[in-house]
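Please read this briefing alongside the sequence and the coordinates. It takes up helix packing, salt bridges and a few individual residues in turn.

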Amino acid sequence: LDCIWRATEGTHESIKTAVYSLVAELPADLSLASVEYLWEYVQAIPLQEITTSEMNLMLNFTMNALSSVRVKAAKDVGSLDREDAVRQTKGLENGYGIAVFWALMQTENRANDTMFNAAFSLMRDFLVWEHSKHRRTLEMEKCLANIREHRSQPQSLQLLAHVVGSFAKQPSDGAATSSTVLEDLEHKHNLLGIVIADYAWYHERAREAVTRRGLKGPIIDQETLLESDRWSHMYNIQERLEFLNQCCRVTLTENMR
């Protein structure tokens, strides 16, 4: 495995891409321990150096690892104590590339538009894929943490809405529905309170920015008002209101009203 990965270093892009393709296929036939070892190489690629080639590597590596019978069975860690088990399955626990895609869609990491859009699209896809949709609750909680802490809010709201919408619309055999998921988030995390508080937070910061910069008229809608943001003022407002609108469409129970 060391030799295979070293073949990607300091070589022509076409050779590196070919080796990436090989590396991405290996998890289907490796033990969990070997998959974890190989993933250490992949995840060490700095975020700012990730291009389409690295994105495809992480996408296919993750798909092959998460769908591997050997990885899912996790037989390799059966004889390990708890500390070793956690250490040696860190990649699996983080969803391999899913953790990288999450990082790339965070505003503070300043990914370019191509990588940001690709990462966001892959997050949406992985969270409804049968081999990784068990991560939906975890990722929804991470979205809520972002909104609560006023970070990467528009994309977090979009991803949260997408995940909620991936649950069944009608109850069947006791399975969770979009409505029950929303109610659960409201009960456990004060969902609407968090979103409304963030709306008020953004409104106040936007107002201060408009005053400080002396902006007037329709131009305000297209301006990015916060230095930590990547979105226009209108986009920020629309995403927050659209999420609240979806909450009303999905559930009209007394608790959510």
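Is Asn-190 buried, partly exposed or exposed? With a relative accessible area of 40%, Asn-190 is partly exposed, where buried means under 20% relative accessible area, exposed means over 50%, and partly exposed lies in between (1.4 Å probe, protein chains only). This is a predicted model, in which local features need pLDDT of at least 70 and side-chain atom pairs count only at pLDDT 80 or more, while totals for chains, interfaces and linings use all residues. Residues are numbered from 1 along each chain as its sequence is written, and side-chain values use heavy atoms, with hydrogens and water left out.

**Helix packing**

- Helix α4 (residues 52–66) packs with helix α9 (residues 113–126) at an angle of about 10°, their axes being 11 Å apart, and that makes α4 roughly parallel to α9. Helices here are DSSP runs (H or I, at least four residues) numbered from the N terminus, and axes are lines fitted to C-alpha atoms over the stretch in contact, with angles from 0 to 180 degrees between N-to-C directions.
- Angles under 35 degrees count as roughly parallel, over 145 as roughly antiparallel, 65 to 115 as roughly perpendicular and the rest as oblique.
- On the α4 side, Thr-52, Met-55, Leu-59, Thr-62 and Met-63 meet Met-115, Ala-118, Ala-119, Leu-122 and Phe-126 of α9, a contact being heavy atoms within 4.5 Å.
- By class, this contact of α4 with α9 has eight nonpolar, two polar and no charged residues, where Ala, Val, Leu, Ile, Met, Phe, Trp, Tyr, Cys and Pro count as nonpolar, Asp, Glu, Lys and Arg as charged, and the others, Gly among them, as polar.
- The axes of helix α3 (residues 32–43) and α4 come within 12 Å and cross at roughly 165°, and α3 and α4 are therefore roughly antiparallel to each other.
- Val-35, Leu-38, Trp-39 and Val-42 in α3 meet Leu-57, Met-58, Phe-61 and Ala-65 in α4, and the residues of this contact divide into eight nonpolar, no polar and no charged.

**Salt bridges**

- The structure holds ten salt bridges, each defined as a side-chain nitrogen of Lys or Arg within 4 Å of a carboxyl oxygen of Asp or Glu.
- Glu-54 forms one with Lys-16, with the closest N and O atoms 3.5 Å apart; Glu-54 lies in helix α4 and Lys-16 in helix α2 (residues 13–25), so the pair ties together parts that are 38 residues apart in sequence.
- Both Glu-54 and Lys-16 are buried, and Glu-13, Lys-16 and Glu-54 are linked in a network of salt bridges.
- Glu-139 pairs with Arg-135 in a salt bridge whose closest N and O atoms are 3.0 Å apart, and both of these residues are buried.
- Arg-207 forms a salt bridge with Glu-204, the closest N and O atoms being 2.6 Å apart, and both lie in helix α13 (residues 191–213), three residues apart, about one turn of the helix.
- Arg-207 is partly exposed, at a relative accessible area of 42%, and Glu-204 also counts as partly exposed, at 28%.

**Individual residues**

- Arg-240 sits in helix α15 (residues 233–250) and counts as buried, at 0% relative accessibility.
- Not counting residues up to four places away in sequence, Arg-240 touches Gln-153, Pro-154, Leu-157, Asp-198, Tyr-199 and Tyr-202.
- Arg-110, in the loop between α8 (97–104) and α9, has a positive phi of about 55° although it is not a glycine.
- Asn-190, in the loop between α12 (178–189) and α13, has a phi near 60°, a positive value in a residue other than glycine.

Key. Helix = DSSP H or I, 4+ residues; strand = E, 2+ residues; numbered from the N terminus.
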